[in-house]
Amino acid sequence: MKELVTLWFSKWSEGDFHHLPITENFQHTSPFGTIDGKQAYLDLVQANKDKFLGYTFQIHDALYEKDKACVRYTARQGKDFKLDVSEWYYRENDLIREIVAYYHIGEVREERKIENYGEEG
């Protein structure tokens, strides 16, 4: 599984999203929703290259099992954008069948803020 996840990150680092190691029934779930199917995923990336390409990745932690893995990383695009991500990867026939990604996509609503969190007392 480690080799498969390493290949995933390598393809993204190269901008070679047309050759991602994913199944035809690939599914990607993120805070934005779920994309079903390899072609739908590739079409989305193609239409939004400015948001998907040009990243560097710093892997912080990774757990690998036979058919699944979890990776925590920071993705950086240019000088000003970074995204901290945790992703679960699920394998089928030596390809990635599914990814479930967790990351923050915006400001915390006022009613969800925790008072004094992170403030020095």
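I began with Arg97, which forms a salt bridge with Glu92, the closest N and O atoms being 3.7 Å apart. The model is predicted. I looked up the exposure of both partners: Arg97 is partly exposed at 25% relative accessibility, and Glu92 is partly exposed at 29%.

I then searched the whole structure and found 9 salt bridges. Lys66, Asp67, Arg91 and Asp94 are linked in a network of them. I also noted Asp16 with Lys11, where the closest N and O atoms lie 3.2 Å apart. Lys11 counts as buried because its relative accessibility is 17%, under the 20% cut-off.

Next I checked Lys38, which forms a salt bridge with Glu24 at 3.8 Å between the closest N and O atoms. This pair links distant parts of the chain, with Lys38 in helix H2 and Glu24 in strand E1, 14 residues apart. I compared the two ends: Lys38 is buried at 18% relative accessible area, whereas Glu24 is exposed at 61%.

I followed strand E1 (residues 22-30) to its neighbours. E1 pairs with strand E6 (residues 95-102) in the parallel sense over 4 bridges, and Gln27 has Glu98 in E6 as its bridge partner. E1 runs antiparallel to strand E2 (residues 33-36), again with 4 bridges. A hairpin of 2 residues joins E1 to E2, and Thr29 stands opposite Thr34 in E2.

Last I looked at the largest nonpolar core, which has 27 residues; Trp8, Trp12 and Ile96 are among those with the most contacts inside it. Helix H1 gives the most to this core, 5 residues. For Ile96 I listed contacts beyond four places in sequence, including Leu4, Trp8, Phe26 and Tyr89.

Terms used
Residues are numbered from 1 along each chain as its sequence is written. This is a predicted model: local features need pLDDT of at least 70, side-chain atom pairs count only at pLDDT 80 or more; totals for chains, interfaces and linings use all residues. Side-chain values use heavy atoms; hydrogens and water are left out. Two strands pair if DSSP finds at least two bridges between them. A nonpolar core is a set of buried Ala, Val, Leu, Ile, Met, Phe, Trp, Tyr and Cys residues joined through side-chain atoms within 4.5 Å. Buried means under 20% relative accessible area, exposed over 50%, partly exposed in between (1.4 Å probe, protein chains only). Contact means heavy atoms within 4.5 Å. A salt bridge is a side-chain nitrogen of Lys or Arg within 4 Å of a carboxyl oxygen of Asp or Glu.
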